[in-house]
Amino acid sequence: MAETLQGVRKRWGAVLATWCLAVAAAAQGLTCIAPGGEWPDSKGEHINAHGGGVLWHEGTYYWYGENRPARGFTTEVGVEVYSSTDLVNWTDRGVALAVSAGPGSPIERGCIMERPKVVYNRSTGKFVMLFHLELKGQGYAAARVGFAVSDTPVGPFRFIRSLRPNAGKWPDGFSRRDIRRAKKLKEADYKEWWTPQWRKAIAEGLLLARDVPGGQMSRDMTVFVDDDGKAYHIYSSEENLTLHLAELTDDYLDYTGKYVRIAPGGQNEAPVLFKRNGVYWLITSGCTGWRPNEARMFRAESLWGPWEQLPTPFEGADAATSFHSQGTYMFKVEGTADGWVFMADRWMPDSLRYSPYVWLPVVFGADGVPVLRWADSWSPAMFPAGASGR
Ligand code: GAL
């Protein structure tokens with residue numbers, strides 16, 4: 001598979017690049033994806049769907065993401081949705097979830113909505129959106145997750161509520177002894193970060209225990225639906241130091257209370273989770289705000305762990321900055337044997353609205369390890385056809 005993909009890319013890379021540029025200039029039908037470049041929608045406007053995710057439903061792809069203003073950091077519009085049948089040409093379908101114009105709503109204009117992910121619930125027939133929500137005027141202090149629901153993929157989504165997950169609950173596998181020990185830890189005793197004592201206290205649940213009563217912090221996030229239809233929310237918690245993976249209820253609108261911590265103290269953000277050939281993979285970034293850093297990767301046989309850490313999947317020049325990008329989602333292309341797309345953002349904090357996207361085809365090593373290599377341009381049409389499923 002790896003060889004095929006590389007070979008195809010080598011042979012067609014130059015040709016595709018020329019097409020891409022020529023057609024993009026005319027702002028008409030695009031024939032390929034040019035990572036890091038301007039990506040015009042069907043009206044010629046740069047796509048405005050940052051920190052997003054893609055959902056395939058009944059023959060159409062939907063790309064949901066942050067509608068960002070040309071200047072500033074707060075959410076003035078909401079979550080935007082685009083649709084496509086070829087993953088290259090996207091039509092703006094409008095605002096899937098709008099900010100509230102009235103004051104007092106948790107999603108009041110001027111809040112911050114980030115990293116929205118939409119999944120389809122087969123049993124309820126609803127489209128469910130989870131997103132990172134920061135309340136207006138509070139910077140990034142609120143650290144909440146928002147839930148919204150819709151009968152159609154393009155919305156409008158109805159905001160249901162926001163919360164901090166798993167109030168009153170301890171992680172799966174935390175024994176009574178672990179709980180007693182964690183409850184004794186006090187932040188005041190660990191003012192200095194990154195000391196060996198502080199690291200030990202974080203691993204033992206210093207911040208976890210602090211937040212059990214009111215619920216766990218929830219910032220960068222994704223949602224993953226397993227083959228059995230169960231859904232999971234994966235989010236940066238505990239002051240962005242530790243990832244949590246939490247099981248959602250059957251309607252995807254609440255938590256069952258079962259969750260695990262991943263890499264305590266590892267400072268992982270921007271989680272991307274996918275399953276291939278029965279193995280779960282998690283690609284994350286470090287924690288440097290809008291500045292890119294070297295991605296990390298984890299692998300597990302079960303969502304509940306253990307999660308084994310591996311080197312970054314990025315390979316080649318600029319792998320140390322993940323090609324100047326930060327991951328947001330990964331999905332398999334429908335109707336292909338094994339074609340996968342990794343989605344990332346190249347943040348431009350001076351003008352988030354015009355931040356480019358870095359979408360790359362994924363190559364897999366013999367042992368199934370995902371590898372991300374740079375491509376100036378490529379087309380999802382290059383993936384060999386095959387049965388759907390993962
Ligand atoms: C990044 C995060 C983004 C956004 C940004 C704000 O680390 O991945 O989604 O929250 O920080 O500085």
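Student: Which residues touch the most other members of the largest nonpolar core?

Tutor: This is a predicted model. Its largest nonpolar core holds 43 residues. Those that touch the most other members are Trp39, Trp63, Trp90, Phe331, Phe342 and Trp359.

Student: Which strand gives the largest share of this core?

Tutor: Several strands each supply at least two residues of the core, among them strand 2 (60-67), strand 13 (269-276) and strand 20 (357-361). Strand 14 (279-285), strand 18 (326-332) and strand 19 (340-345) are also in that group. The largest share is 5 residues, and it comes from strand 19.

Student: How many residues are in the other core, the one with Leu130 and Val223?

Tutor: That core lies apart from the largest one. Val225 and Leu248 are also among its members. Its number of residues is 25.

Student: Is Trp39 buried or exposed?

Tutor: Trp39 is found in the loop between helix 1 (2-26) and strand 1 (50-57). A residue counts as buried under 20% relative accessible area. The relative accessibility of Trp39 is 6%, so Trp39 is buried.

Student: What distance separates the C-alpha atoms of Trp39 and Val88?

Tutor: Leaving aside neighbours within four places in sequence, Trp39 is in contact with residues including Trp63, Trp90, Trp359 and Val88. Along the chain, Trp39 and Val88 are 49 residues apart. Their C-alpha atoms are separated by 8.9 Å.

Student: Which residues is Gly155 in contact with, leaving aside its neighbours within four places in sequence?

Tutor: Gly155 lies in the loop between strand 7 (144-150) and strand 8 (158-163). Its relative accessible area is 16%, so Gly155 counts as buried. With those neighbours left aside, the residues in contact with Gly155 are Ala96 and Ser150.

Student: How far are the C-alpha atoms of Gly155 and Gly205 separated?

Tutor: Gly155 and Gly205 are 50 residues apart along the chain. The separation of their C-alpha atoms is 39 Å.

Student: What is the radius of gyration of the protein chain?

Tutor: The protein chain has 4 helices and 22 strands. For 390 residues the globule rule gives 21 Å, and the chain's value is close to that, so the chain is as compact as a globular protein of that length. The radius of gyration is 20 Å.

Student: How far apart lie the centres of the positive and negative side chains?

Tutor: The protein chain has 43 positive and 43 negative side chains. The distance between the centres of the two sets is 5 Å.

Key: Residues numbered from 1 in each chain as written. Predicted model: local features only at pLDDT ≥ 70, side-chain atom pairs only at ≥ 80, totals over all residues. Heavy atoms only, no water. Buried < 20%, exposed > 50% of the residue type's maximum accessible area, 1.4 Å probe, protein only. Contact = heavy atoms within 4.5 Å. Core = buried A, V, L, I, M, F, W, Y, C linked by side-chain atoms within 4.5 Å. Rg over C-alpha atoms; globule rule 2.2 N^0.38 Å. Lys, Arg positive; Asp, Glu negative; His and termini not counted. Charge placed at Lys NZ, Arg CZ, Asp CG, Glu CD.
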